[in-house]
Amino acid sequence: MTEIFQEKIRQAAARRIPLRLRGGGSKDFYGNVLRGEVLDTRGYAGIVSYEPTELVVTARCGTPLLQLEKILQENHQCLPFEPPHFGPDATVGGCVAAGLSGPRRTAAGALRDFVLGLKLVDGQGRALSFGGQVMKNVAGYDVSRLVAGSLGTLGLIAEVSLKLAPRPQAEATLRLEMPQARALETMNRWAGQPLPVSATVWHDGELTVRLSGSAAGVRAATATIGGYSVDGDFWSGIREQRHEFFGGAEPLWRLSLPSTAVPLEVEGRQLIEWGGALRWLKSGTAAATVREAVRRSKGQATLFRAADKAAGCFGPLEPVLMRLHRELKSAFDPAGIFNPGRMYPEL
Amino acid sequence: MGAALPVVKELLQFLPQRAVLHQEEDTRPYECDGLTAYRQLPMVVALPETEEQVRRILKTCASMKIPVVPRGAGTGLSGGALPPGDGVLLSMAKFMRVLRIDPLARVAVVQPGVRNAVVSELAAPHGLYYAPDPSSQIACTIGGNVSENSGGVHCLKYGLTLHNVLGMRGFTIDGEPIELGGEAPDAPGYDLLALAIGSEGMLMVVTEVTLKLLPKPHSARVIMASFDDVEKAGAAVADIIAAGIVPAGLEMMDQPATRAVEQFVSAGYDLEAAAILLCESDGSVEEVEDEIARMKAVLERAGATRMTVSRDEAERLRFWSGRKAAFPAVGRISPDYYCMDGTIPRKRLGEVLRFIAAMEKKYALRCPNVFHAGDGNLHPLILFDANDADQLHRTELFAAEVLEKCVEVGGTITGEHGVGVEKINQMCVQFRPDELELFRAVKRSFDPHGLLNPGKAVPTLARCAEYGRMRVHGGQLPHPDLPRF
């Protein structure tokens, strides 16, 4: 099957025909333009290897994310970065290419932290392997993590090895009433203490916190934190953006900030995750205004969902960084055929 | 004589005399790093104190096409900081300032010459610490940790340097300033931060690093478990993971290692055991009590012959002191030792340990083993005498066979020490020509003329071809059809 990918890519490269690498299409909304002939990865599916005692799974790109998570759950394990699916058709390859992490990100780490290795088909149609299945590996540059989150612009991720974690023994979700500024301070103070906080959300005067760990640890922390108990299903609503906050026609901005940044003064509604480091904004405010407010707080603004993406989804890069991006892009994809323009017009 | 060097003249335009070393008596201390078998006198050593000086050194060298090799404390074990005979060794030793500790945001902003252990010392009053703790942590610097992606004994649970660095700033070889990552998560574009960490100083020179600090757990206790068989100890490691436990630390030492260590530090190890495991739990008092009980039950079932749980912090640190002193302890029982760093899937441990035992016989050299069991990272220590040329040669062959065995079982030639000059031949075994070519293309993206730490980490095709010819025994490669995915 990788041979079929390789052949298609070689032909496209020879004729300079753009290819749109695509799994289930659940993240078609993400990024800038979708250009090129669709190269569907779903035919290359399945778990290549999974040994629970090694805490590693290797899966082909087209494997449905739901199927992978089900198998892990049967073995009391999970993907620690709790990736959003954004639809039932999400695939493992798309998940890694998008590089998005869910509510557990601050506590457990980002998607890229759990990528141990991958098999890539580059723009010359070469099947290449980087990293591996072991936790520690510093042989060669960390190409696997460079490719994670590159939106399919560097190559086709054919297989990926991910580090896993055991599912927590116990979880509890608690809610406290408080205004934004106090919630930001509280979340940061909690994060500086040895508490098993695995997710936080502040929205509309309510701070919701999830505790995950041993039964004894969660019980002790519940007493420390206080508040009242709510249903844990809340978190999948946040992760999948089914929560009512995400409704409505205004553009959805994903603002990444230092967790201690003061409340952002921008017109619109906000929902805060990751202890203050991720702030969702539903707002029709001009892109330049949003970006300027976020820049002043030393953050980054991504236009996550919008009908009009003329302002560019991702924040601008410094000229030196853009030059490095272009050099890397041409090292991996000399003919420039993979998802052109999806991340930046120059790539 | 050296003052006549054109580059020295150029550097003295903006650096004081004391910051430019070129007389042999001054440059001699820089001739090697922790891998002392490889030595090279640098043409010039530059000791900048400011970012502006670093920028100008790089610009000067780039315009004169002179190689530059960055260096931290020089504790690296793979020759990554081996100086260029025809270039500038860029010592970052004077970048020693901790610029900011923000307890609420849990970050420390430090210069690259700050020693690893200093970060945790300064964070301690806030109840915080910096997780990666390589054994050399009292001496090694954050800049060196970043360039090697250093680990330590707690990385199964808390990750490597990569997982604990939020951002960096520094310069490209052309002296252009770059900033990667930052306190805001998920910087836009490609993850150049991940690419630069562990790149062995070949892509950029780092001048400032933002580190993530973690809350210090309320409690930590360690179990010392004895086994009468090394493979049983290995199986016990898998059993702990299978029970859904991720210990804070999970280390193994075989009997030759514990005996060497015990003479040196009196850690209280069981010297009758064929191997000991150190299994640490940390967290709240309740969590630790619970996890220690679960780990003891697993170890008992796995055939532990004796178990001791640390009663207090002093005893816990004593149990760890032996593990952390393993390298110097071994240094006392042998004139020289050679430390390997392969990582393997845990399930292949027994097979690899048997292989190492066979190599001890084949090459008539002793090899105690210390092992980051939790993450599969092996540190076999080959004992030899460097004054005996044949022993040195046998040591190199022994090490090469072990590293190639690690690749054969699905592992890697280096888990945390880096490739440097030491393991460059084995890169030809772990990677295929196309993959090495892509590494070289990545390097060219940052450094088109190959001036930054040249000749390290990524071999040329010619070098691999040469090594391939050396490895052919009786017309056949050791593992001709090895699948390397």
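Select helix H7 (residues 215–225) of chain A and helix H11 (residues 285–301) of chain B; their axes come within 8 Å and cross at roughly 170°. H7(A) and H11(B) are therefore roughly antiparallel to each other, a term for angles over 145 degrees. Axes here are lines fitted to C-alpha atoms, for helices over the stretch in contact, and angles run from 0 to 180 degrees between N-to-C directions. Helices (H or I, at least four residues) and strands (E, at least two) are DSSP runs numbered from the N terminus.

Next, display the side chains at this crossing. H7(A) contributes Ala216(A), Gly217(A) and Ala220(A), while H11(B) contributes Glu286(B), Glu287(B) and Asp290(B); contact requires C-beta atoms, placed from the backbone, to lie within 7 Å. By class, these residues are two nonpolar, one polar and three charged. Ala, Val, Leu, Ile, Met, Phe, Trp, Tyr, Cys and Pro count as nonpolar, Asp, Glu, Lys and Arg as charged, and the others, Gly among them, as polar.

The model is a predicted one, in which local features need pLDDT of at least 70 and side-chain atom pairs count only at pLDDT 80 or more, whereas totals for chains, interfaces and linings use all residues. Residues are numbered from 1 along each chain as its sequence is written, and chains are lettered from A and ligands numbered from 1 in the order in which they are written.

Now widen the selection to the whole interface, where 78 residues of chain B are in contact with 66 residues of chain A. Among the elements of chain B that give two or more residues are helix H9 (230–242), H11 and helix H17 (433–446). H17(B) gives the most, with eight residues. The chain B side has 35 nonpolar, 25 polar and 18 charged residues.

Turn to the open sheet of chain B, with strand order E1-E2-E4-E3 and mixed pairing; strands pair if DSSP finds at least two bridges between them. Strands E1 (20–21) and E3 (68–71) of chain B stand at the edges, each with a single partner strand, so one side of each lacks a neighbour in the sheet. E3(B) pairs with strand E4 (residues 88–91) of chain B in the parallel sense over four bridges.

How values were computed: Angles under 35 degrees count as roughly parallel, over 145 as roughly antiparallel, 65 to 115 as roughly perpendicular and the rest as oblique. Two residues are in contact if their C-beta atoms, placed from the backbone, lie within 7 Å.
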